[in-house]
Amino acid sequence: MKVRAILAAAVFLGWGADPAAGLAVEPQQTDELHEEVTELKDAVTGSATDSDVHELAQNLFGRVPGTQIVVAPNLRGWDFPRGIKGQRASVDQLLKSADNRLAFYNGDIPKPLEQAMNYARGMKRDGKVNFDPSLKDNQMGAYIYLVQQKLQLGRIALNRAISYLAAKIGEGLAFSTFIHEAAHADNRANLSVERTIETEIPAFRTQRQWLGIEDPYAEKVCYLRQVMINEQRERPNPDTAMALTYLNHLAEVEDADNDQKIRRMVEKLGYRDGQSSRYGSEVSP
Ligand SMILES: [Zn+2]
């Protein structure tokens, strides 16, 4: 019997355990913040100038305790919530959304991200990227490969939750998991069950490069976290809790600006070198 290894590629663990973990917003401040978020949202969707929006954002984010995200003075306009369609996204739509974003981007695209994008496109074209109902609830994606033939291209499995997440937080942010797995495909020569943590670092680095383009000033993630906190407070539901958990994770990735921080994050997420667990008929390190 062939033994397949699944690279433990969970974007995050502890799904639903404590959706607000790691977020330091005092509950008593949420009313006031809610008002300001609404004001900010109106400004974003209305005719306010970039500098008006920036001032509002600075007032809001400057007072959210615990967050280290600072709104940059050169805010170049927010393309959301218009970018959030409120509809589930297919794998194809996730990829198209990323391609549109890159076409819109003027700066240099980091080489590892460019390579991972090529894998994302090629693997999608060849039917190697699919929503996979067999993924565990807390596993957002996986690059699945044959351990004995790791140079042979594997496949990317995405949790169906990504499709719902896209409706709530936008396709671009939800694409983060897709590009993470595509980076594993690109780095497949170095995949190793014994060195799981080491192999996660370049994948998270590439994921962060993607976020640097999708959310260049870390404003989207910050803003959406606050929106989800408010929603969760007023109308608690599992989709919002899931979105908040995912956004908290993305904020951590955005903050991990060097390999040491990425390593600490990977360890905190529960990745362990050489650790395997049964996963159906497969082995998941
Ligand atoms: Zn991974």
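A residue is called buried here when its relative accessible area is under 20%. The model on screen is predicted.

Select Y143 first. Its relative accessible area is 0%, so Y143 is buried. A search of the whole structure finds four aromatic pairs. The rings of Y143 and Y145 are stacked, because their planes meet at 15° with the centres 5.9 Å apart.

Next, select F204 and Y271. This aromatic pair is edge-to-face, with 80° between the planes and 6.4 Å from centre to centre. F204 belongs to helix 7 and Y271 to the loop between helix 10 (259–268) and strand 5 (277–279), so the pair ties together parts 67 residues apart in sequence. Both F204 and Y271 are buried.

Now show helix 7, residues 196–214. Of its 19 residues, 14 are buried, so the helix is largely enclosed by the rest of the structure.

Move to the zinc ion. Its protein donors are NE2 of H180, NE2 of H184 and two OE entries from E200, at 2.0 to 2.5 Å. The angles among the four donor atoms run from 55 to 149°, and the site is irregular. Along the sequence, the donor residues follow the spacing H-x3-H-x15-E. H180 and H184 sit four residues apart in helix 6 (residues 171–186), about one turn of the helix. Both H180 and H184 are buried.

Two further stops remain. Select F175, F178 and W210, which ring pairs link into a cluster. Finish at R88, whose charged end sits over the ring of Y164, 4.2 Å from the ring centre.

Key
Residues are numbered from 1 along each chain as its sequence is written. This is a predicted model: local features need pLDDT of at least 70, side-chain atom pairs count only at pLDDT 80 or more; totals for chains, interfaces and linings use all residues. Side-chain values use heavy atoms; hydrogens and water are left out. Donors are N, O and S atoms within 2.8 Å of the metal (3.2 Å for Na, K and Ca); water is not among the atoms, so sites may look incomplete. Four donors count as tetrahedral if all angles lie between 85 and 135 degrees; four count as square planar and six as octahedral if opposite donors are over 155 degrees apart and all others between 65 and 115; anything else is irregular. Helices (H or I, at least four residues) and strands (E, at least two) are DSSP runs, numbered from the N terminus. Buried means under 20% relative accessible area, exposed over 50%, partly exposed in between (1.4 Å probe, protein chains only). The expected span of a helix is 1.5 Å times one less than its number of residues. Rings of Phe, Tyr and Trp (its six-membered ring) pair if their centres lie within 6.5 Å; planes under 30 degrees apart count as stacked, over 60 as edge-to-face and the rest as tilted. A charge sits over a ring if NZ of Lys or CZ of Arg is within 6 Å of the ring centre and within 35 degrees of the ring normal.
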